[in-house]
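Open the model in your viewer and have the selection tool ready. We will go stop by stop.

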Amino acid sequence: MTSQLSFLDVMCPMHAVLAADGRIVHVGPTLRKLHSSSDLVGTGFLDSFDVTRPQNITRAGQLLSLCGKTLHLKRRHAPHVGLKGVIVPHPTIEGGMILNLSFGISAAEAVRRFALNNSDFAPTDLTVEMLYLLEAKSVVMAASRRLNERLLEARTQAEKQAETDALTGVENRRGLERFVARLIARQAAFALLHVDLDHFKAVNDTLGHDAGDMVLQQAAQIMRDELRDGDLVARVGGDEFILLIEGDMQTDAVGAIGSRVITRISALTVTEDHQLSVGCSIGAVLSRHVDPPVMQDLLKAADLALYASKGAGRGRFTMFDPMSHGALPAQQVLDDRGLIAKPAR
Amino acid sequence: MYGLINKAIEIFVTDTHGAARWQAVMAQADLGVTQFEAMLPYDAHVTDAVLQAISVVLGRSSAHMLEDLGTFLVASPSLPAFRRLLRFGGVDYVDFLHSLEDMPDRVRLAIGDLQLPALDLIEQGGGLYHLHCHSGLQGYGHVMLGVLRAMADDYGVLAVLDLDTHSSGRDNITVQVVQDAFSTGNAFKLGWVSA
């Protein structure tokens, strides 16, 4: 009787023929290969396989009712490979069934575990194509992930480099603009200081650019020291720096920081005999004094204050006074810290 | 997708000759990069430049080098997937030879950009086969020669392989599967001793 269905061995190599009581009458060649250690024929189907979907299938008598439905099964013995199946009534065996099985998504694992090859599948089967796809997918995904990590790292480095002043290691103008933009977007309050080195040109002209470079590096380091980690030092010109101090600052506090920077830069030893020295002038503005706090206007305000510092003899700190609306009064009252006091009424 | 091919070549040279030699190859090739990305597209001339540089730096002819590459693709533990797929395609060596005709299509299914030229297997009888490797990929025949040699070893089969390259670009590999090699060998040895 089974020889009449021998074509099933070719077309469905993982099929089984079941009797009405669930006993296995015949298995296709690949299903036999999966159970090489024992002969399935004569044993109960549900002794070797569990039906996981639909649920609650425990008796052979229930199997016939599953005809035509997609079944999910699992081997009861290790390896517990997952299988897909379908049952149809046997054309000649009374109450008998034909069950066809396939690996489904477990194909790659099953091929490895059971050492299967292409001849264990029907010529029409797509398992070999799926295996090519699976291998390619793994390789491609791993390579893509590595590439993306490298690209992300490279981009981060490139961005950093684009915003860094090569000589001093502080931010450059681009970095400054981005930092300020973020502060403004967050509506954070801050103080902006424009620091201009005094007598710097003389150092370059007399001692050469190497000496000038060193002065710049040291000055930048001083400014970094005086600020906190979250604040910013940026070099925006040959000997010009912008400092950004986040927080709702008072003029006194900002002035104190400015004074320390002036003092320390003035103390830099340029030559042993102290013939040449540098200093710096500072003009500062508070973000709340410029409305709206646009970068251009902030810089203009700081510049005005810086101009006042230079005009008053350099080496001093000036805070922008919003009352004068940018036009500084002709008579300035400077206290001993170099701050513009409010004009007397 | 020449990125995959170039990366495979890089892995081959690095694994068999060391990272320093690979650096020397890339310096010789003068392409402005020191390593390849498998997922990036490259122009065909890049592969050519690398192969040229390899033959200069390693002092081996392109032909030998490409054949070694083919062997490497099958035998190297760094690239197990290729051998797995080829072995799956054939229960024995002859079966595997027949499955080669489907390989370019299967590769293109799996990796759309990688178009390997067609392979035709002609059976001549008596264990003699011709594998026509169509043109379109420089060195294809040599690499396939290495693959076929390594796979013969893998299947435990004794086979004699030769490559004829044609100016048209269509290479022909002759495979003579030696059926009775061992028995013939043994008989000959016994005959010699008894004489």
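Select the interface of chain A and chain B in this predicted model. The rule finds 3 residue pairs in polar contact across this interface, both residues at pLDDT 80 or more. Now look at what chain A brings to it. Helix H4 (107-114) and helix H5 (127-162) of chain A each supply at least two residues of the side that touches chain B. Which helix gives the largest share of that side? Colour H5(A): the largest share, 14 residues, comes from there. By class, the side of chain A that touches chain B has 12 nonpolar, 5 polar and 4 charged residues.

Next, show both partners together. In chain A, 21 residues are in contact with 20 residues of chain B. The size of an interface is often given as the accessible area lost when the parts come together. Here the area buried between chain A and chain B is about 1800 Å². Carbon and sulfur atoms give 72% of that area. Pick out Tyr132(A), Glu135(A) and Leu147(A): within chain A, these lose the most area to chain B. Together they make up 35% of what that side buries.

Side chains of opposite charge can pair when their charged atoms come close. How many salt bridges are there between chain A and chain B? The count is 3. Zoom in on Glu37(B) and Arg150(A), whose side chains meet in a salt bridge with 2.6 Å from N to O.

Now widen the view. Over all chains, the structure holds 28 salt bridges. Select Lys33(A) and Asp120(A) for another salt bridge, where the closest N and O atoms are 2.8 Å apart. This pair links distant parts of the chain, 87 residues apart. Lys33(A) sits in helix H2 (residues 29-34) of chain A, while Asp120(A) is in the loop between H4 and H5 of chain A.

Keep chain A and switch to its strands. Six of them form an open sheet in the order E2-E1-E6-E5-E4-E3, with antiparallel pairing. Find the edges: strand E2 (24-27) and strand E3 (49-53) of chain A each have a single partner strand, so one side of each is left without a neighbour in the sheet. On average, neighbouring strands of this sheet are turned by 35° against each other, direction ignored. Then select strand E1 (residues 15-18) and strand E6 (residues 97-102) of chain A, which pair over 4 bridges in the antiparallel sense. Val17(A) stands opposite Ile98(A) in E6(A).

Move along chain A to two helices. The axes of H7 (residues 200-207) and H8 (residues 209-226) of chain A come within 6 Å and cross at roughly 145°. Show the contact residues, among them Phe200(A) and Leu207(A) of H7(A), and Val215(A) and Leu216(A) of H8(A). The residues of this contact divide into 6 nonpolar, 3 polar and no charged.

Last stop: chain B. Its 4 strands form an open sheet in the order E1-E2-E4-E3, and the pairing is antiparallel. Strand E1 (119-125) and strand E3 (159-164) of chain B stand at the edges, each with a single partner strand. Neighbouring strands of this sheet are turned by 20° against each other on average, direction ignored. Finish on E1(B) and strand E2 (residues 128-133) of chain B, joined by 6 bridges. Ile122(B) has His130(B) in E2(B) as its bridge partner.

Conventions:
Residues are numbered from 1 along each chain as its sequence is written. Chains are lettered from A and ligands numbered from 1 in the order in which they are written. This is a predicted model: local features need pLDDT of at least 70, side-chain atom pairs count only at pLDDT 80 or more; totals for chains, interfaces and linings use all residues. Side-chain values use heavy atoms; hydrogens and water are left out. Axes are lines fitted to C-alpha atoms, for helices over the stretch in contact, and angles run from 0 to 180 degrees between N-to-C directions. Contact means heavy atoms within 4.5 Å. Ala, Val, Leu, Ile, Met, Phe, Trp, Tyr, Cys and Pro count as nonpolar, Asp, Glu, Lys and Arg as charged, and the others, Gly among them, as polar. Buried area is the accessible area (1.4 Å probe) that two parts lose on being put together, summed over both. A salt bridge is a side-chain nitrogen of Lys or Arg within 4 Å of a carboxyl oxygen of Asp or Glu. A polar contact is a pair of N or O atoms within 3.5 Å; within protein, one must be able to donate a hydrogen and the other to accept it, and residues adjacent in sequence count only if both atoms are side-chain atoms. Two strands pair if DSSP finds at least two bridges between them.
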